[in-house]
Amino acid sequence: MEKRKEKKLFILLVICMIAGGCLQQDTYAAVSKNLPLAQALALGMSESDDYRKIKSKIALKEVKYKEAVKSIQLKKKNMSTFRWSPLLSFKFPEQPALADEFEFIYKPLQIQSEITVLKHQLTDVKYEVYEEISNLYTEIYTYQEKISYKNAQLESLKENLKRNQAKLLVGEAKQSDVEKIESSIKALEGSLSADKRAFESGKSQLSELTGLNVTSGYVFMNPYKEARIERSSLEGLIQTTLDRSQSYYEAKMTTKLALTSVNTNYSLMQNQYGGKMGYISSYVQQAKNGEKIKSDLFRSAYDQFLTAIDAPWQGKKRILFIKIPREWFKGSIDGVRYVEDDPYILYTNVLEYQEAVKDQESLKKEITKNVEDSFENLVTAKNSYDSIKEQTQKAEAD
């Protein structure tokens, strides 16, 4: 009977808290300092080491971006200028190979992308801080109300014990009734003691996170809200989660950079080799369109492309009665020399882009599934809450 009573009282307490009811007792009436959840969240953000670290990383990346741009400008100027030294070492203007041209274009974009990812991570850290403090604050508030409620219950039981002890003296009560109340008081005192320890521990943790000593002199306000999330809002919840997910954002940026690599190298090679890009252009376009390509056929076509671009410098050239290797007439960036640092760079870029797209889509499906499952759990919990609330209201009326 006592267990059923305790269970009903606890259910009533939970319902009051979730519905926004407040069980403030005289225990806190004399305290004037209120700590709303919003204030705790603001203090938590100002004390977050992770937030400060990311801000510092962004500042460093912005400096690196300026340094990279300046270094590229100097390198390009150096390559295009006639140079000599007092030791009569002459260096004539050079044509940049693919690796150099790619670095000139890609490196600033890469650093900008890293800065964007870090800025998005600032939002991610904010939500992590909000989640940690919100959960802790809610836990502290719940213990505060449970302590207040149990104190009132304990006083009621003690009054009841006095009455029954008096009745026992005149024969209007049984010893078993008194013992039963004493047992209930002992159990409640044990539960109350555990709640107080948890309450103090939670306040210490919150003080550390916010930088404000809230271990004494503060009342915690009701953070519970009641709302019904309609099924029609599920798509919006999914999209919002995808927008705020740091892992998904990083996956999108990886895909974007991979596509940038494909487009940059293809454009540079197109300018260098012209129509010979026809050997591989269809495979590149298929990958950009999201179509699957067979890597073995692509590799075979790429080998043919490398052979074709170097064909004009194969064999020998006759000048009068002398045969001279055509290789001797090859410029510094002619044929495969333009891509000699990594001849298969575009082939690699395409495969890496396809893998990045695949990883991004896989992560999107995983996040979507998690949101859908969480939504169903929320609906189930809300239905259970409504049912328990109705039962408790009926029990309270009875």
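Student: Among contacts in the protein between residues at least 6 apart in sequence, what percentage join residues at least 24 apart?
Tutor: The figure is 78%. Please bear in mind that this is a predicted model.

Student: And what does the secondary structure come to?
Tutor: The protein has ten helices and six strands.

Student: How much of the protein counts as buried?
Tutor: Of its 398 residues, 32% are counted as buried.

Student: Let us turn to helix 2 and helix 4. At what angle do they pack?
Tutor: Helix 2, residues 37-46, packs against helix 4, residues 98-169, at an angle of about 135 degrees. Their axes lie 9 Å apart.

Student: Is the crossing left-handed or right-handed?
Tutor: Helix 2 passes helix 4 in a right-handed crossing.

Student: Which residues meet there?
Tutor: From helix 2 come Leu 37, Ala 40, Leu 41, Gly 44 and Met 45. On the side of helix 4 they meet Lys 126, Val 129, Tyr 130, Ile 133, Ser 134 and Tyr 137.

Student: How do those divide by class?
Tutor: The contact of helix 2 with helix 4 has eight nonpolar residues, two polar ones and one charged one.

Student: A new topic: which residues of helix 6 are buried?
Tutor: In helix 6, which covers residues 234-244, the buried residues are Leu 234, Ile 238 and Leu 242.

Student: Where on the helix do they fall?
Tutor: Viewed down the axis of helix 6, the buried residues fall within an arc of 75 degrees, so they line one face of the helix.

Student: What covers them?
Tutor: The cover includes helix 7 (246-273) and helix 10 (345-397).

Student: Then how does helix 7 pack with helix 8?
Tutor: Helix 7 and helix 8, the latter being residues 281-288, pack at about 155 degrees, with their axes 11 Å apart. The two are therefore roughly antiparallel to each other, since the angle is over 145 degrees.

Student: Which hand does that crossing have, left or right?
Tutor: The crossing of helix 7 and helix 8 is left-handed.

Student: Which residues make the contact?
Tutor: Helix 7 contributes Leu 259, Val 262, Asn 263 and Tyr 266, while helix 8 contributes Ser 281, Val 284 and Lys 288. By class, the residues of this contact are four nonpolar, two polar and one charged.

How values were computed:
Residues numbered from 1 in each chain as written. Predicted model: local features only at pLDDT ≥ 70, side-chain atom pairs only at ≥ 80, totals over all residues. Heavy atoms only, no water. Axes fitted to C-alpha atoms, helices over the stretch in contact; angles between N-to-C directions. Helix = DSSP H or I, 4+ residues; strand = E, 2+ residues; numbered from the N terminus. Left-handed = near helix turned anticlockwise from the far one by under 90°. Contact = heavy atoms within 4.5 Å. Nonpolar A, V, L, I, M, F, W, Y, C, P; charged D, E, K, R; others polar. Buried < 20%, exposed > 50% of the residue type's maximum accessible area, 1.4 Å probe, protein only. Arc of directions from axis to C-beta. Parallel < 35°, antiparallel > 145°, perpendicular 65-115°, else oblique.
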